[in-house]
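Please open the model in your viewer and keep the selection panel at hand. The stops below proceed from an interface to the parts on either side of it.

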Amino acid sequence: MRCDVWWAHPAAETAALLDLLDDIERTRYGNYRRDADKRRFLTGRALIRGVAAAELGKQPRDITIDSSCFDCGKPHGKPKVEGIEVSISHSGDWVALAVTDNAPVGVDVEEVRDAEIDGLAGIAFSPAELATFESVPRADRTGAFFTYWSRKEAVVKATGKGMTVPMSKLTLTAHDQPPRVVASDAAEVDVATVHMADLTPGDGYRASVAVFGGEAPAVTERDAADLIARLAVQV
């Protein structure tokens, strides 16, 4: 089993990139108020279509992305592409796309930034994780928090239900150990079938990928800069 993770920086708007969006995506794009959010969303959709087209032998504009929420049906759910499994994440100056052939996958990238980490940890961490986290030196806690968070969000995204699966029901290894789900009180997460890997977006970021299945995947990180550049001018 393989899992490819593609990395791209948010691209500036071009007519070619906008042309890749469907009507629902154009509405979502227009609803973003901040230019940075627009660029991340636009790049994410282009990345999905560009990679999926290469995988499936199609043209990018012929790739249909279904983002219907499993719960309410609105277009803010995990993106689905017929023929492959995908997961998208973006934070700061990175957009990440994880792709597998047919195994459920989740990816998350987080910019390490100022946040109310103690309060968030109290909500998202299991009691065992919280005890470990509270022993981390204060100077190291922000980085440790985002390591935990990116790992846990990758797992819940792989379920297809995202943050409706309480993170606190999962217990993972400590932030300074290889990622693994140690225990799960969530029906959607079977400890025996979760495979995880930390990713390498660079300084100031934390990122992880989770894949569900019987076999541990070979995870390969790839640079999508050339792909996005081609899509940005394609006619």
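Predicted model: local features only at pLDDT ≥ 70, side-chain atom pairs only at ≥ 80, totals over all residues.

Residues are numbered from 1 along each chain as its sequence is written, and side-chain values use heavy atoms, with hydrogens and water left out.

Select residues 1-103 and 217-234 as domain 1, then 110-211 as domain 2; such bounds come from an automatic or database domain assignment. The C-alpha centres of the two domains are 24 Å apart. Contact (heavy atoms within 4.5 Å) involves 19 residues of domain 1 and 17 residues of domain 2.

The domains bury about 1,300 Å² between them, 68% of it from carbon and sulfur atoms. Buried area is the accessible area (1.4 Å probe) that two parts lose on being put together, summed over both. Next, select Phe70, Lys78 and Ser91, which supply 33% of the area that domain 1 buries against domain 2, more than any other three residues.

Now colour β1 (2-8), β2 (85-91), β3 (94-100) and β9 (218-223), the elements that each give two or more residues to the side of domain 1 touching domain 2. Strands (E, at least two residues) and helices (H or I, at least four) are DSSP runs, numbered from the N terminus. The largest share of that side, 4 residues, belongs to β2.

## Salt bridges

How many salt bridges are there between domain 1 and domain 2? The count is 0, whereas the structure holds 16. The term denotes a side-chain nitrogen of Lys or Arg within 4 Å of a carboxyl oxygen of Asp or Glu.

For one of them, select Arg61 and Asp19, whose side chains meet at 3.5 Å, N to O. Arg61 lies in the loop between α3 (35-56) and β2, and Asp19 in helix α1 (residues 15-19), so the pair ties together parts 42 residues apart in sequence.
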